Amino acid sequence: MPARRVYMDYAATTPMDRRVWESMAPFATETFGNPSSLHQFGRDARLALDQARGKVARLIGCPDDEVVFTSGGTESDNLAIRGVALARRETHPHIITSAIEHHAVLEPCHFLEKQGFKVTILPVDGYGLVDPQDVADALLPETALVSVMMANNEIGTIQPIREIAAIAKEKDVLVHTDAVQACGVVSIDVQDLGVDLLSISGHKLYGPKGVGALYVRKGTPLVAQNLGGDQERKKRGGTENVPGAIGLGTACEIALDALDEHPANLEKLRDSLIAEVLDRISDTKLNGHPNHRLPGNASFTFAGADNQSLLINLDLAGIAASNGSACASGSPQPSHVLPAIGRTVEETRNALRLSLGKENTEDDVEYVIEHLCRAVEKIRGAEKKITDLEMLGGEA
Ligand code: PLP
């Protein structure tokens, strides 16, 4: 058994805040009505659902009725991209996105491409930043939507969304941003950002899994993707996940209250983690932007130490980290983000993401640094032995 357990994979998922869980429970057992029912049971559930909607709205600075509850970040992204594309397909069959988007954005774009849409995938620089000028250059008279994520899940880079949105708005092009990783740790005001659609996921901000929201600015053309009932102002059919939505609302309320404090705490821990790792482990690169990055994200590439071996060694020490892509963990698919910022195949294989969260302490950071140093040294030593043996074999 390891001496302690340290979770540093908050970008993959976060534990539910106990207050979130407690707020949800009565809506599973007591206030269980269907919000579409007209009787008291239904009206009680409707009231709670709309209060939760208000809490989500307050976190991102929009009117309550511009929040659509969904089943999570993936559905929000799909609804935004496919919903707008289908609504504008006759006159505007063109979408712009970036090379480092989450698969929940890239896959709908690929799907639309197969349906005859033109999709422009913008490159990013070595830090993972989209150049707003590239957005300007890619805009066409038939562009329906620009979708660029607010913050990247693997390398943490935060995009200049306000600048990108301003450029798109000049040409009356709609803007979507996937704020799944940013929400709760970056202050968001959709009016100030100028976006028309914004995706949120519950389980990335200490809320429940399987619930999320899509901000849809009033007047945005959007075709529902879940067809059925008229729920969510006809934008998303299906009986609402009331306990989930209540949990998301509570999570947003807690995040808003802690916005002055929580990201600053994370940043302090992250900065000491990054500084120590770069100082103590030679031949290490930081992935992502040094300043424009999520407060809890630290992503590295260690020369000569593959991430599978690193993850096993860290896991044996009780440390949960990731090779990068939260949702693709466990899948053999290599990262598409690291090659996009110029990392080689080998560097991509040697990338490790540590993502910090609420429960992490300075002691956790110390513990992780110690074990990371040991793990990298051990793997590099083993690699060297193999190379030496191969060379000996070659001479024999
Ligand atoms: N977008 C980003 C940037 C993500 O990091 C994730 C999940 O990791 C998603 C979308 C998908 O969210 P969900 O797991 O709620 O479907």
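Guide: What follows sets values from this model against the definitions of the terms.

Guide: This is a predicted model, in which local features need pLDDT of at least 70 and side-chain atom pairs count only at pLDDT 80 or more, while totals for chains, interfaces and linings use all residues. Residues are numbered from 1 along each chain as its sequence is written, and side-chain values use heavy atoms, with hydrogens and water left out.

Visitor: What makes the pair Arg 46 and Glu 240 a salt bridge?

Guide: The term requires a side-chain nitrogen of Lys or Arg within 4 Å of a carboxyl oxygen of Asp or Glu. For Arg 46 and Glu 240 the N to O distance is 3.7 Å, so the pair qualifies. The whole structure has 19 salt bridges by this rule.

Visitor: Why is Arg 46 with Glu 240 said to tie together parts of the sequence?

Guide: Because Arg 46 is in helix 3 (residues 40-60) and Glu 240 is in the loop between helix 9 (231-234) and helix 10 (242-257), 194 residues apart in sequence. Helices (H or I, at least four residues) and strands (E, at least two) are DSSP runs, numbered from the N terminus.

Visitor: Why is the pair of Tyr 10 and Tyr 206 called tilted?

Guide: Rings of Phe, Tyr and Trp (its six-membered ring) pair if their centres lie within 6.5 Å; planes under 30 degrees apart are stacked, over 60 edge-to-face, and the rest tilted. The centres of Tyr 10 and Tyr 206 are 6.2 Å apart and the planes stand at 50°, so the pair is tilted. The search of the whole structure gives four aromatic pairs.

Visitor: How do you know which parts are domain 1 and domain 2?

Guide: The bounds come from an automatic or database domain assignment, which gives 6-14 + 260-395 for domain 1 and 18-257 for domain 2.

Visitor: What makes residues of domain 1 and domain 2 count as in contact?

Guide: Contact means heavy atoms within 4.5 Å. By that rule, 32 residues of domain 1 touch 33 residues of domain 2. The area buried between them is about 2600 Å²; buried area is the accessible area (1.4 Å probe) that two parts lose on being put together, summed over both.

Visitor: How many salt bridges cross the interface of domain 1 and domain 2?

Guide: The rule finds zero there.
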